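Hello,

As promised, here is the structure I have been looking at. Please have it open while you read the notes that follow.

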Amino acid sequence: MPTPSIDLAIVGSIGIDTIETPTEKHEEILGGSVSYACAAASFFTHTGMVGVVGTDFPQAFRDTWNNMNIDLEGLQTVDGKTFRWGGVYHENMDNRDTLFTDLGVFETFSPELPEDYKEAPYLFLGNIHPALQLHVLEQVRDPKFILIDTMDLWINIHKENLTKVIGKCHMLTLNESEAQLFTGEHTLNQAAKKLLQLGPEYVLIKKGGNGSMLFTKDDIFLLHAYPLDTFKDPTGAGDTFAGGLMGALAASGKTDKEAIRQAMVHGSVVASFGVEEFSLDRLVQIDRDEIEIRISEFKEMSRI
Ligand code: AMP
């Protein structure tokens, strides 16, 4: 058995994004769930990326990941164009519309894990087709902890496969409206109860700028979001949160409830930095010390 070169493997989308907010427009910037998640996790643990790009993918974006010490052995480069996505935020920044989605090489993506990634103790299945998430689970050798994310598209069109894959994971994360869509329940308590019945021990419901809630069958943990004066781009905040959480959890070596609560605080703080700029622009500027300072402030604010 090869020794894993990484502690955490993350699978997901890689996109070249065009994003408009009420005040700014940024074209052809680095995005995708796995890019945000790996960047966030890389502050805490050695992380490997599993995804696909086309031959048009800029070297500068690869350099960004390399500079963050993200392992790229699981990154496939395929003839064709990289996935592109465009979105525009409404005035309140809470809602957005998708302007375009060009799948490119993402359309035929099949995630293949390098041999040593199969031994990684922590795995984050980012938001991709549930059949591809299942394909990843068929390759891994009994990870200690698996987190799965999804989106409304898969709940609407592939609920059966999605239910199957959720049942094989330790923790499910999704946002408030997705939890309601999946279960048909209006309250988050009832929605979480139904989702826990699918098999995962933990259900983490994200509420955007209003924080997150961790449900187990015995209790609930509430976490506010770090209060920011301003932010520029919320794209990928959920992926940054979940990636930071998994990175911190992998660094702790644990999987218990207390370790998950601490990891949520880490993920939340990294996400608060992430939204201060577009793409990974803010995350590339900060270091672990800045994260720890904000975590201390955050804990002080949350004391009851
Ligand atoms: P989020 O803000 O969590 O929805 O994540 C936004 C990121 O997801 C962007 O950087 C996009 O490149 C990527 N993205 C957008 N649509 C999809 C999709 N259908 N499948 C996978 N990734 C996507």
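Helix α9 provides 4 residues to the lining of the second largest pocket, the largest share of that lining. Please keep in mind throughout that this is a predicted model. Besides α9 (257-274), β13 (220-223) and α10 (288-302) each supply at least two residues of the pocket lining. The pocket itself holds about 250 Å³ of space. If you want to select the lining in your viewer, take Phe221, Leu222, Leu223, His224, Glu258, Arg261, Gln262, Val265, Phe298, Lys299, Ser302 and Ile304. By residue class, this lining divides into 6 nonpolar, 3 polar and 3 charged.

While you are in that part of the chain, have a look at the loop between α9 and α10. Ile286 is located in this loop, and it counts as buried because its relative accessibility is 7%, under the 20% cut-off. Ser279 belongs to the loop between α9 and α10 too. Its phi is near 50 degrees, a positive value in a residue other than glycine. Is Ser279 buried or exposed? With a relative accessible area of 6%, Ser279 is buried.

You will find Asn69 in the loop between α2 (59-67) and β5 (75-78). Asn69 is exposed, because its relative accessible area of 55% is over the 50% cut-off.

Now to the ligand, which I expect you will want to look at in detail. How many residues surround the ligand? There are 14, and the closest are Ser13, Asp17, Gly32, Arg96 and Gly236. This shell is made up of 4 nonpolar, 7 polar and 3 charged residues.

- Ser13 places a polar side-chain atom 2.8 Å from a nitrogen atom of the ligand.
- Arg96 has an N or O atom in its side chain 2.7 Å from an oxygen atom of the ligand.
- Asp239 has a polar side-chain atom 3.1 Å from an oxygen atom of the ligand.

As for how covered the ligand is, taken alone it exposes 500 Å², and the protein buries 83% of that.

Helix α1 (residues 33-41) is mostly covered, with 9 of its 9 residues buried. The buried residues of α1 are Ser33, Val34, Ser35, Tyr36, Ala37, Cys38, Ala39, Ala40 and Ala41. In helix α8 (residues 237-252) you will find Ala242. Ala242 counts as buried because its relative accessibility is 1%, under the 20% cut-off. What separates the C-alpha atoms of Ala242 and Cys38? The distance is 9.7 Å, although the two residues are 204 residues apart along the chain. Cys38, as listed above, is one of the buried residues of α1.

That is what I have for now. Do write back with any questions.

Best wishes

Technical notes. Residues numbered from 1 in each chain as written. Predicted model: local features only at pLDDT ≥ 70, side-chain atom pairs only at ≥ 80, totals over all residues. Heavy atoms only, no water. Near = heavy atom within 4 Å. Polar contact = N/O pair within 3.5 Å; in protein donor to acceptor, adjacent residues only side chain to side chain. Areas by Shrake-Rupley, 256 points an atom, 1.4 Å probe, with all protein chains shown as cover. Nonpolar A, V, L, I, M, F, W, Y, C, P; charged D, E, K, R; others polar. 1 Å grid on protein atoms, 1.4 Å probe; cavity = no way out; pocket = protein on both sides within 12 Å on 5 of 7 lines; lining within 4 Å. Points joined across faces, edges and corners; volume = space filled by probe spheres on them. Buried < 20%, exposed > 50% of the residue type's maximum accessible area, 1.4 Å probe, protein only.
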